[in-house]
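Keep the viewer open as you read.

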Amino acid sequence: MSKYQPQEFEDKWYSYWLQQQFFKSVPDEREPYTIVIPPPNVTGVLHMGHMLNNTIQDVLIRRARMKGKNACWVPGTDHASIATEAKVVAMLKEKGISKKDLTRDEFLKYAWEWKEKYGGIILEQLKKLGASCDWDRTAFTMDPHMSEAVIDTFIDLYKKGWIYRGVRMVNWDPQGKTAVSDEEVIRKEVNQKLYYIKYFLSPEDGKSGSQKDGSEVEKPQVVIGDDEKQEVISVEQELLSDLPTSGLTDFLTIATTRPETIMADSAICINPNDERYTHLHGKKVLIPLINREIPVILDEYVDMEFGTGCLKVTPAHDLNDYQLGQKHNLPVIDILNDDGTLNESAQILVGTDRFAARKKIAVLLEEAGSLAKTEDYKSQIGFSERTDAVIEPKLSMQWFCKMSEMAKPALDVVLNGEVKLIPEKFTNTYRHWMENVKDWNISRQLWWGQRIPAWYNENNEWVVAKTEEEAKAEFEKAGLTYTALRQEDDVVDTWFSSWLWPISVFNGIAEPDNEEINYYYPTNDLVTAPEILFFWVARMIMAGIEWRKEVPFRNVYLTGIVRDKLGRKMSKSLGNSPDPLDLIKKYGADGVRVGMLLCSPAGNDLMFDESYCEQGRNFGNKIWNAFRLVKGWEVDDSLPCPNTTSIEWFNSRFNQALAEIEDNFAQYRLNEALMATYKLVWDDFCAWYLEMIKPAYQQPVDRQTYKVTIGYFENILKILHPFMPFTTEELWHDDLFGERGENDCCIVAQMPSYGEVNTQLINDIEVIKSIIGQVRNIRSKNQLSPKESLQLIGKINSGISYNAYAGVIQKLANVGELTYADTKVSGAVAFMAHTDEFFVPLELNVDADAEKDRLEKEKEYLLGFLKKVNGMLNNEKFVANAKPEIIENEHRKKADAEAKLTVVEESLASLAS
């Protein structure tokens, strides 16, 4: 064995695991343990979020496999309608082909070719990480049986009256040319311009600059609206002799970030109870540039206390305005085409892109004398998660799914613990969303995806049916005529297919009683990101209850977001996201896995630094070198075993750590489980146990110690394997452990179970470690050679029998025979371990003042510690609620501190005499 170079054996063992079909799962008599992968987009490549998510899944699945369960991890990809269609359109553009020049079938042919070429990249990359998925089960959300399940469930919900069609305000992506859900809109703060635009009162209303009593009208100004629309309206009376339209003497100044939409205005709204604006009742104003007249309307919806209480109403381009427009029967004027260009309803700049139109209209307004001023302005804008295009609120004919009926049972199973969210802090967020759920816009204006099973005749009458033949029968049944039928062009939202994922991967919709769905469903754990808790996790729970009458999983482990060390979310644009495959090449897959898991508790963001991966690699190197140490020992069968105490101690310490690891896994504290494993291996095994039992230089070891140590090492490899699969498998097959059969692999080895723990022995060894550490510190502080043997004298106040540990102390502290005294030893360097005093006689002049200062600091610390412990023990609420073992531990800590305090005070009194 040479240096630790994991890259030399990672591919070897992954291929071997595949060859031996260790990842494969079929139903049998064992208890199943099932995870379905959150299917990454077929457009995706591996990023740091994938690394974290899939490392956690692999740890869970490998551990279940080693516990004798039938572990099944189902991989797959999502067809990602918007993202994939955008990729294909871009590819065609490079070839000089436009989507609009293709038929649907021609476009889909190109799309499938793209998917076959690029769609499996991310799954291949996951193999480099060590993901032990059952690759024979690889699914795709547009596989024939999965698409059929989507169509069947659509029809089922339609027949139940839960799917309907209608015109609604939606989030429109002008680049993708499709509606997107609220959850697919990313809010960003952007720098904009605020344009102050003059709206003149119409000629007949132009002399309304005074009240009926002749007093002058106040000139208020207000900022109103929401994140999408900020308006400042001021009423000014001013004579404008240079205006081309005679008779206009009054105007309103309205500030907006979107001057390109002024042509869509339908009204100005004020509160009828607002006495400041009674002079505006029944008046009208003209929209600049196009001189279209719009009314001033009255509605108590307007908050009089908010600014000046005036609201500009644009029903086609704002949800709140649309609802107000519906109430007052205002015209809805949509001035934008699907691609974000101005249409004929705008009257001017027809065909111009919305952002280019914004700049041009600003110039036109200024030339017309209608632009008062501009200001720099910051506001929140919605962007499409898939294309990064600025979202447009748009009225559109869409298909919707009613959610209220399905939301209630999906909320109940989380609140009653049938489905556990980890960490629990997400439960309240989940409840808020489910109690305020809106109907789901499930249609997308795309070609890539499952086409909605609706059919239209020449009169635009429609039915829902699986096939054209079934549609014809539905038309006839309804007494409707048709010459030819056409199918709906829209596809369903991608999430409408992936909400079936835990069911459809086992073909549970088409064959609801098949062997696999009955065996593997419900799955056990889902590992995913909090940002898709609602529009994927919640919907999967709804779908599971609706079509299986059972939740799809028991636990939802919500990872945090991987950020850089400055706290910024990783992104290509910032250039702060390392290539995971480059990290694996540099540090090894195990190093990256360990590095990411050590600092990523569930639900908390991970502030990633490459040094974590270096720490992971160093851990692998530590294990590797420890193995080389043991492997290099020679064995002498004639030697007795001198290490009984050390062997017994590590056996207890291993069992104690294993119990802690098991508890951490049960609580889904994976980072703490890894840290407990890390400390057991690095500190207890490598730094202490091996040092306790290793033979002197070039001397042999006894057979019993050697055999037991190899057994310990084998168990360590087992508990390490879920975290570090490649390194452990490589060491597992070394001839140190004897000959292995072809299926005798660490990946399927039985995970050890913990046994009895001798807590007294463990506590005693902690005291021994303290003694050894302090002797070493004395040696270092006084620049004494490590080879120079020192004398150690103990004044024992506790019940510890140090003779049982004398060999360990002598060996690791390099001291002579341990002797004892009833009184303090003058002229020696003193220290305490537990409640016992120890002295190292040195031919040195002990600085009494320095020793007194040290003891005073120790006394101050002990008094503070006792105050804290007594505070807890005197707290009735703590004593009533804490576990008995915790209270017992606090009493023990109190007794130890009091004993130490007594010794310190005696030492101070001795120095004072």
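The side chain of Thr523 reaches the backbone oxygen of Pro552 at 2.7 Å. That is a distance from a predicted model, so read it as such. Thr523 sits in the loop between helix 14 (515-520) and strand 24. Its relative accessible area is 1%, and because anything under 20% counts as buried, Thr523 is buried. If you leave out residues up to four places away in sequence, Thr523 touches Thr34, Val36, Phe506, Pro552, Phe553 and Arg554.

Strand 17 pairs with strand 25 (residues 555-558) in the parallel sense, over 3 bridges. To find that pairing on screen, pick Lys420: its bridge partner in strand 25 is Asn555.

Now for the charged side chains. Searching the whole structure turns up 59 salt bridges. One of them joins Asp489 and Arg104, at 3.8 Å from N to O. Asp489 is in the loop between strand 22 (486-487) and strand 23 (491-492), while Arg104 belongs to helix 4 (residues 104-118), so this pair ties together parts that are 385 residues apart in sequence. Asp489 is partly exposed at 42% relative accessible area, whereas Arg104 counts as buried at 12%.

Arg653 and Asp684 also meet in a salt bridge, at 2.8 Å from N to O. Arg653 lies in helix 19 (residues 644-666) and Asp684 in helix 20 (residues 670-693), so the pair links parts that are 31 residues apart in sequence. Here Arg653 is buried, with a relative accessible area of 12%, and Asp684 is buried too, at 5%. Elsewhere, Arg258, Glu260, Arg354, Arg358 and Glu392 are linked in a network of salt bridges.

One last stop: is helix 22 (residues 725-732) enclosed or open? Of its 8 residues, 7 are buried, so helix 22 is largely enclosed by the rest of the structure. The buried ones are Pro725, Phe726, Thr727, Thr728, Glu729, Leu731 and Trp732. Their cover includes helix 1 (10-19), helix 2 (48-66), helix 5 (121-129), helix 17 (589-598), helix 18 (610-631) and helix 21 (703-720).

Note on methods: Residues numbered from 1 in each chain as written. Predicted model: local features only at pLDDT ≥ 70, side-chain atom pairs only at ≥ 80, totals over all residues. Heavy atoms only, no water. Pairing = 2+ DSSP bridges. Helix = DSSP H or I, 4+ residues; strand = E, 2+ residues; numbered from the N terminus. Buried < 20%, exposed > 50% of the residue type's maximum accessible area, 1.4 Å probe, protein only. Contact = heavy atoms within 4.5 Å. Polar contact = N/O pair within 3.5 Å; in protein donor to acceptor, adjacent residues only side chain to side chain. Salt bridge = Lys/Arg side-chain N within 4 Å of Asp/Glu carboxyl O.
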